[in-house]
Amino acid sequence: MNPQMAVARPLLMLAVLIAALTLNGCDYTDFNAPGGQKGYRPLQPVSYSHKLHAGDLQIDCKYCHFGAEKSRKAGIPPLSVCMNCHKTVRTDSPQVQKLAAAYAAGQPIEWIRVHNLPDFVVFDHSRHVNRGVACQTCHGPIQEMTEVRQYSSLAMGWCVNCHRQYNANPPELLRDKHIHASTDCTGCHE
Amino acid sequence: MDRNRPLDPEALVPAAQAPVRRFQRVEELLGADPGIEAARDWEIGAPPVAGDGSEVARRDFLKVLGGTFAAIGATACGRLPVRKAMPYVHKPEELTPGKAVWYATTCRACPAGCGVLVKSRDGRPIKVEGNPEHPLSLGSACARGQASVLALYDGDRMRGPLSAGKPATWDQLQADIDKAFAGLRKDGAKLALVTPSISGPATREVVARFLAQFPGARHVMYDGHGAGAIAEAHAASHGIAAVPSYRFDKAEVVLSFDADFLGTWLQPVTFTRRWAPGRKPGKSKVAMSRHIQVESQLSLTGSNADERLRILPSEQRSLVLALADRIARKTGAASGAPAPKTPHDAQLDAWTELLIGKRGKSLVLAGSRDAATQAAVNLINELLGNYATTVDLAAKLGGYQAQQMPLGGLVADLKSGAVDSIVLWDVNPVHDAPDAAEWAAGLAKASFSLALTTRLDETARKCKLAAAIHHPLEAWGDSEPVAGLVNVQQPLIQPLFDTRAAEDLLLAWSGDKSGMLAFQQAWWRRAVLPRTQDVTQDAQTFWDTAVRDGFVEVRRVGTRRAVGGPAEEALPRAPAPMVPLPPPPAPPAPVQAPLAPPSRVPASVPVPGLIPVDGQLPVTVPTEHTATAAVALPGEVTPVLAPIAWPAPEPTRFDIGATARLMAQPAPPVGQGSYELVLYQKVGLGNGEHANNPLLQELPDPISKATWGNYVAISPATAHKLGVASSDLVQVSAGSVSVTLPALLQPGLHDGAVALALGYGRAAAGRIGDGVGKSASGFAALPGIVKVEVKKVGGQEPIAFSQTHHSYEHRDCVKETTLDAWQKDPHAGNAKLDQVLHDPNLPDARKTRSIWSRHQYPGYKWGMAIDLNSCTGCGACIIACNVENNIPVVGKHEVLVRREMHWLRIDRYFSERKAVKGYDWDATGPDLLALADNPEVVHQPMLCQHCDNASCETVCPVLATVHTSEGLNAQVYNRCIGTRYCANNCPYKVRRFNWFNYPTGDMEGKQDLDLVALALNPDINKRSRGVMEKCSFCVQRIQEAKSDGIRNGKETLSDGDFQTACQQTCPAQAIVFGNMNDANSAVKKAYDDPRNYSALVEIGTQPAVTYMTKVRNAARREG
């Protein structure tokens, strides 16, 4: 091997490595750091407005997200729930016509998931909802959002902080019940 | 109460007892296997095996390192992947995403017929549990039942019909079948239908209708379980060819000749549930039941007996006859049977006294396939007055109607051409019949052979046509496992593959295309509803309730002679076609139209018509119109087989003459050779039907603790004589039949016998089961008692043991005593140290010396107590834990290098008292082999002990294992960096390390992971490579119960709100789990029992899991 190559090869490798690490850095702060998805606002296949339904029309959140009281998952409503009203309401809207077409074809709407927790975290909606935690505590002013965005960081520190604050100063309603917001690992990691 | 005390070794040896020597492997006694001790130096995992590809050269390491950098650069740049959320279009009413729905159905993993509840998450069945309301299972399930859910997602199932071995369409298959059936309708005698035992009212009618088209066709019921001799003996003694129910709960003495009723015999779950309560010494000091086992090979049942006698297989018949003779003389009845001398007269005399003292409260059993032995057992039970108390002949077992070989000469007829058309439904005689080779030859000669089967097994491969049928979790059906108990089997999922229900096919071939659901509903209204207590109830309500409950209790059908009909149940004595059928009312129209294809809906959509266990019944208005509309039977309703009037069971009279004649049958011939051969079935695999289920292949044998394959079991003394060591290859041969397998030194096996497990060496089980072990079925074809020669052939083949992988450094975890000693002192056998800890007079300060600050448990403190008296070692908990917690199967090689992942293992100890007195505690050598001739056995489930002073928590550098406020030792997978310090420091060796990324590549590539993924529990993480894992006390169940409690206004959980997976399934109810802060909880009561002790209490870990001292109902053996 000639001496030039002996110098050049490690340099080349170093350059590749630096390039790789630079590329690797893109969007790191936005998406891959804990809580980095705050503000995520994907474009949905149907431009459904929470502001209109939950805000202006004051439809209860749990009319559509009926799993929130019963299950870990609040759930995205089945198309049939949309069609309860939209068989007759605003059938001229192009967005509602999208729904109707999918309904007729028996195809679900492929919504884009806004709130993504890692697989090793379990969040139980029912427990929080049944304890009186309002949807807005985590989801923010959802009734004002035309397009849903992730309001809170959903990072572990954010969760634990709330639990600690609760334990330090429990709300009036639950104070007598000695209800404790768990800070055990097993509360969320099973 | 606290258990932390300074170490005081003197206090640990109970003064009143002789020392007990315990060992796990015979090699420990011989001191002959340095490998065991050497391996113990490796705390977790074995050193890399040379040549297995796991050693890495420096250059390779650098290359991989460079590649890794490149990969990071290439992949990490992307944004978060877009995840979609796809809701239902129409959500099924009973389903809430994220919540499980439970459906009642019937387990089909064996013929026992346990009722089960199956957990369905988002339309996928993911867990099988016993149905608590079902009289047979009472909520328990065995290892096979627990594992059966994985068989649904087995990628080696048939995915569509085959014709001559090539994929075909159902239309093509139907055309061939139509052609054959058209000819057979004229000459039905040429057709035979072979099935397992058919007991359900609707299923029996389906079969009868099918056969009615072919006058003279025969129906043969066949299985590999061999209970036919019991039925044959009862045909002689009581005139009823039936296998009775056994009431172990009413028996104070159980004497079993080679019947492995806790492991593999008839209804192991039911029998264990009935046997176990009598094994707990109660507060009132009522004596425990006494269990005597007489057998050649150490079975699961034998390992739990109070007294065990080793005999040769050839001695069994004479022993039973001699016992019958003694009892007949003592009770004044003339038996007329010969009274042979035996070498065990002392035991026989003692048993005679014991049994006669417990008339009506004793039970004598035999597992023998010899009808004379069974007849003698019947005579004994009759003389002891056990019929109607412990032996219930009216409650005959529907799952065990199979005839004795040779099945009415069916195979001979096949070979001669007298039968040239055969339909085999869910049977595999080419694998598990003793005359398997004859079957293969017979099937080859048949002009029409059709297998209705879920997998392309040995038999299906010999058939011209193979129709792929549903897994039982995809199909409707019914069964009557015990007379008077009718089970529903309902589908939980749309068919995964292009399969059909066998019942639908048979119905369609009889001209009824409405399908099994409609037929079953209508037939139940006709044949089951009139047998219920409330015959006036609305038919739809009746059906809905039955489907929701999973079973109906009804009046028993007469066992002798149906009104105006032929003997319905009694099998003909002579081999002959089974049930003579009346001619059908009208010849059904031949099937012309092709079957309607099943609608292909996504597998995640539940099947309509199901009613979950806790669901609301559909509201029905009981009007005439609704009732008829709902159950209108398509086509005619004329019954072909079952009578409409149900006579009550007739009282039976014991026919002593016929019994004596059967007992006097000539004894089976004894072959030529040096050692008698014992063929037995494994608890997990049965006769091999579960060979392709990796969970069961990796389930350690309860006695030998071997996984993945069979072996030649030889007694230690015989092995020593032959110069055979463990894992040495030996050849077992009898005439032209021979098999070469590694040897296993099996304590408790008779010195004159060797034992081989059946069910291995499958040729067509699937990718997982093929070639595991070797087939011993060649020996089963030999007549009488087989004698073999055993010869060392050189070379070794390692056996994948799961035990001795985890060493306690000779610390003793087991405590045991005898009933006498326990009655005198409830602390007997329990170390003094624990007595001190239980002493209420001592101040707490003396009990709680510790350098650690104590944990505070303001709310719950979860704890577990395991009763060593109840635990039989059956392994159901291991599989329940595997399925609940997504524990990967690792395969034989990984077990060999000690990387099995079972969170819960059952340690089996052999112990012996008699030879130990004055013996050097650490001595080894052949003299000690006497210890191993008939040792006592203790089974100890070992799982994470959730210690208060946990050794693992103090050494984890990243706080990945921490203590929770409820006493759990939590393992936080996403924090774990895989140092394995915790596993090294754990004194119980219950932590498991993920050496590979099992979720994405396991089992040597033999599983279809996309299918297997459907069986995963979504509430649990799948752990990836480099992460430590262990028992979590089913924390997901705790959390779910808490959420449910909050929703339902129950703030504090108590016993019964949830159970851990192991506790839930335990057929012996050995495991108690609950809140130790609750004074009323069962676990707190168990904890305060004098029998309660902590394993390795002397090291001060303060475990949350405690054990109850084993008490044996036997006098201590003296040397």
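## Around Val754(B)

Skip the neighbours within four places in sequence, and Val754(B) is still in contact (C-beta atoms, placed from the backbone, within 7 Å) with Tyr675(B), Leu677(B), Val712(B), Ala713(B), Ile714(B), Val732(B), Val788(B) and Val790(B). Val754(B) and Val712(B) are also the residues with the most contacts inside the largest nonpolar core, a set of 301 residues. Such a core is made of buried Ala, Val, Leu, Ile, Met, Phe, Trp, Tyr and Cys residues joined through C-beta atoms within 7 Å.

All this comes from a predicted model: local features need pLDDT of at least 70, side-chain atom pairs count only at pLDDT 80 or more, and totals for chains, interfaces and linings use all residues. Residues are numbered from 1 along each chain as its sequence is written, while chains are lettered from A and ligands numbered from 1 in the order in which they are written.

## Chain B overall

Chain B has 36 helices and 41 strands, taken as DSSP runs numbered from the N terminus (H or I, at least four residues, for helices; E, at least two, for strands). Of its 1119 residues, 55% are buried, with 20 or more other C-beta atoms within 10 Å of their own. Take the contacts in chain B between residues at least 6 apart in sequence: 77% of them join residues at least 24 apart.

## Where B meets A

Here 43 residues of chain B are in contact with 44 of chain A. Helix 4 (58-75), strand 2 (84-85) and helix 34 (1035-1048) of chain B each give two or more residues to its side, and helix 34 gives the most, with six.

Strand 2 of chain B runs antiparallel to strand 1 (residues 111-112) of chain A, joined by two bridges, and pairing takes at least two DSSP bridges. Lys84(B) is the bridge partner of Ile112(A).

Key. Two residues are in contact if their C-beta atoms, placed from the backbone, lie within 7 Å. A residue is buried if 20 or more other C-beta atoms lie within 10 Å of its own, exposed if 12 or fewer, and partly exposed in between; C-beta atoms are placed from the backbone.
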